[in-house]
Amino acid sequence: MRLLPGIDHITRLPEFNVIVFALLLNYPWEFLQVPLFADMPQAAHWDAIRTCTRATLGDAVIMLIAYWTVGLVARNRSWVLAPSTARILMFAATGVVITIAIERLAVAGIWLGGWRYSSLMPVVPGIGVGLSPLLQWVVLPPLVIWFSRRQILGSSR
């Protein structure tokens with residue numbers, strides 16, 4: 001029995017799944033890094049939620065851009081169904097490069113209103129970017145691919 005005609009088609013789109021799992025995985029990550037950013041632990045409740053939500057939406061957009069980048073190189077937008085190590089690495093590396101650019105501009109106060117790291121944030125020498133935002137793009141992309149692939153293949157059975 002189909003509840004909403006056409007909804008199964010949308011849920012099988014790789015981009016839909018990448019966005020859904022990017023949101024689900026990045027949102028808790030953003031909250032877990034609150035102590036690593038200056039002024040965030042003391043922020044008003046709704047201000048912190050708004051900031052983490054905005055960051056999560058940005059992360060999801062970055063993940064979608066990284067996904068499409070790999071799709072262009074692979075000439076296959078469904079590459080998530082048979083991901084190679086090289087494609088997963090390219091997916092993560094694209095996110096890392098974009099994140100480094102955003103973090104550097106934001107920490108310098110040039111973009112997005114800027115932010116500062118707290119004394120708890122380890123900063124990667126040479127690039128001046130916090131370790132946590134970089135680890136986010138090492139840990140989460142393989143999980144997004146795994147969940148997306150599993151969801152798409154499971155829904156097509």
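A salt bridge here is a side-chain nitrogen of Lys or Arg within 4 Å of a carboxyl oxygen of Asp or Glu. With that in hand, the views below walk through a predicted model.

**View 1. The whole chain, for orientation.** We start with five helices and two strands. Read from the N terminus, the elements go α-α-α-α-β-β-α. The C-alpha trace spans about 50 × 35 × 20 Å along its principal axes. Of the 157 residues in the chain, 36% are buried. As for contacts between residues at least 6 apart in sequence, 68% of them join residues at least 24 apart. The salt bridge count comes to three, and each pair gets a view of its own below.

**View 2. Aspartate 39 and arginine 116, a salt bridge from loop to loop.** The two side chains meet at 2.8 Å, N to O, which is inside the 4 Å limit and therefore counts as a salt bridge. Aspartate 39 sits in the loop between α2 and α3, while arginine 116 sits in the loop between α4 and β1 (123-124), so the pair ties together parts of the chain 77 residues apart in sequence. Have a look at the backbone of aspartate 39 too: its phi is positive, about 70°, although the residue is not a glycine. That's worth a second glance, because most residues other than glycine have a negative phi.

**View 3. Glutamate 15 and arginine 77, a salt bridge from helix to loop.** Here the side chains of glutamate 15 and arginine 77 come together at 2.8 Å, N to O. Glutamate 15 belongs to helix α2 and arginine 77 to the loop between α3 and α4, so to speak two distant parts of the chain, 62 residues apart. Are the two partners buried or exposed? Glutamate 15 has a relative accessibility of 14% and so counts as buried, whereas arginine 77 is partly exposed at 43%.

**View 4. Aspartate 47 and arginine 50, a salt bridge inside one helix.** This pair meets at 3.0 Å, N to O. Both residues are in helix α3, and because they are three residues apart, about one helical turn separates them. Aspartate 47 is partly exposed, its relative accessible area being 33%. Arginine 50 counts as partly exposed as well, with a relative accessibility of 45%.

**View 5. Glutamate 103, buried without a salt bridge.** Now for a charged residue with no such partner. Glutamate 103 is part of helix α4 (residues 85-107). The residue is buried, yet it forms no salt bridge. Which side chain of opposite charge is nearest to glutamate 103? That would be arginine 104, and it is 10 Å away. What does glutamate 103 touch, leaving aside neighbours within four places in sequence? Its contacts are Phe37, Trp115, Tyr117, Val129 and Pro133.

**View 6. Helix α2 crossing helix α3.** Zoom in on α2 (residues 14-32) and α3 (residues 45-74), whose axes come within 8 Å and cross at roughly 140°. Angles over 145 degrees would count as roughly antiparallel, so this pair is oblique instead. The crossing is right-handed. On the α2 side, the residues making the contact include Pro14, Glu15, Val18, Ile19, Ala22 and Leu23, with Asn26, Tyr27, Glu30 and Phe31 also among them. On the α3 side, the list includes Ile49, Cys52, Thr53, Ala55, Thr56 and Leu57, and also Asp59, Ala60, Met63, Leu64, Tyr67 and Trp68. Glu15 turns up here again, and this is the residue whose side chain pairs with arginine 77.

**View 7. Arginine 75, a positive phi in a loop.** Next stop is the loop between α3 and α4, where arginine 75 lies. The phi of arginine 75 is positive, about 55°, and the residue is not a glycine. Arginine 75 is exposed, with a relative accessible area of 78%.

**View 8. Phenylalanine 16 and its surroundings.** Back in helix α2 we find phenylalanine 16. With a relative accessible area of 34%, phenylalanine 16 is partly exposed. Not counting residues up to four places away in sequence, phenylalanine 16 touches Ile10 and Thr11. Valine 144 is 128 residues away from phenylalanine 16 in sequence, but the C-alpha atoms of the two are 11 Å apart in space.

Definitions and conventions
Residues are numbered from 1 along each chain as its sequence is written. This is a predicted model: local features need pLDDT of at least 70, side-chain atom pairs count only at pLDDT 80 or more; totals for chains, interfaces and linings use all residues. Side-chain values use heavy atoms; hydrogens and water are left out. Helices (H or I, at least four residues) and strands (E, at least two) are DSSP runs, numbered from the N terminus. Buried means under 20% relative accessible area, exposed over 50%, partly exposed in between (1.4 Å probe, protein chains only). Lys and Arg count as positive and Asp and Glu as negative; His and the chain ends are not counted. Contact means heavy atoms within 4.5 Å. Axes are lines fitted to C-alpha atoms, for helices over the stretch in contact, and angles run from 0 to 180 degrees between N-to-C directions. Angles under 35 degrees count as roughly parallel, over 145 as roughly antiparallel, 65 to 115 as roughly perpendicular and the rest as oblique. A crossing is left-handed if the near helix is turned anticlockwise from the far one by less than a right angle, and right-handed if clockwise.
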